[in-house]
Amino acid sequence: MVGNRAWFAGLFSGSGKRRQVSAEKIVFDLTPLQEQRLQSLKERLNVPYDETRTDHQESLRALWNASFPDTELTSLVSEQWKDMGWQGVNPATDFRGCGFVSLENLLFFARTYPASFKRLMLKQQGMRTTWEYPFAVAGVNISYMLIQLLELNSGRPKSLPGINFIKVLTEHEDAFDVLYCIAFEMMDAQWLAMRASYMQFKEVLEATRQQLERELSLEDLNGIHDLPACNLLYK
């Protein structure tokens, strides 16, 4: 059972047995490739969602089509969006908190790990509560949480998770997007383990952030697949 607390503790027990290191012990200079990829990612973070841009509109439609391939979207402003967990009829309102990257993250998740995406969106696994978290809005919050955790709005990361993420980015150009998918799976697992309901979402998100911070602090972390929680994802 996904919602079992013992199951959740056992899932991440591997990270507890692997050594974590302190950021003070790490001295590093960015390689040209790291500089390039980090800069490219930061440029993505600075793009606001603009509902008048054709490419942004197309991405939003693509998200709907990936989520509900058998249902036609009547309009970009529609009551249908609430079925996906947006707060209102226009997702543009929710994107303002994090920008276009939060839409890119959701679309990447839907296209790259469709089985995981559908399972979480439709809440198909575990003992669910009457008041579940809104899927799409949760996704925007996860994007924002990752940006803060990895210190992507600063000149250069000083924390160990941020430093290790740069190492991971060297091996995987799409590391931020994959990490987003992992974090979403972790959040849902945490939600079930805590038997949470809507009003506890912030508490669940904070617990997820702390777990992700621990995993990103592992000494032997070199690639995205070294994260213990990566095994939550499936296509």
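Q: What should I know about the model before reading it?
A: This is a predicted model, in which local features need pLDDT of at least 70 and side-chain atom pairs count only at pLDDT 80 or more, while totals for chains, interfaces and linings use all residues. Residues are numbered from 1 along each chain as its sequence is written, and side-chain values use heavy atoms, with hydrogens and water left out.

Q: How many helices and strands does the chain have?
A: Helices (H or I, at least four residues) and strands (E, at least two) are DSSP runs, numbered from the N terminus. Here the chain comes to 11 helices and 0 strands.

Q: How much of the chain is buried?
A: Buried means under 20% relative accessible area, exposed over 50%, and partly exposed in between, with a 1.4 Å probe and protein chains only. Of the 235 residues, 52% count as buried.

Q: Is helix H8 mostly covered or uncovered?
A: Helix H8 (135-149) is mostly covered, with 12 of its 15 residues buried, including Phe135, Val140 and Leu149. After H8 comes Glu151, whose phi is positive, near 55°.

Q: Which residues touch the most other members of the largest nonpolar core?
A: In soluble globular proteins, nonpolar side chains tend to be buried together. A nonpolar core is a set of buried Ala, Val, Leu, Ile, Met, Phe, Trp, Tyr and Cys residues joined through side-chain atoms within 4.5 Å. In this chain the largest such core has 75 residues, of which Met84 and Phe184 touch the most other members. Helix H10 (residues 175-193) gives the most to this core, with 13 residues. Contact means heavy atoms within 4.5 Å, and, leaving aside neighbours within four places in sequence, Met84 is in contact with residues including Leu63, Phe117 and Phe135.

Q: Which helix supplies the largest share of the lining of the largest pocket?
A: The largest share, 3 residues, comes from H11, and both H8 and helix H11 (201-215) supply at least two residues of that lining. Among the lining residues are Trp86, Val137, Asn141 and Lys202.

Q: Why does Thr31 count as partly exposed?
A: Thr31 counts as partly exposed because its relative accessibility is 34%. Thr31 lies in the loop between helix H2 (13-17) and helix H3 (32-45), and its C-alpha is separated by 10.0 Å from that of Lys167, 136 residues apart along the chain.

Terms used. 1 Å grid on protein atoms, 1.4 Å probe; cavity = no way out; pocket = protein on both sides within 12 Å on 5 of 7 lines; lining within 4 Å.
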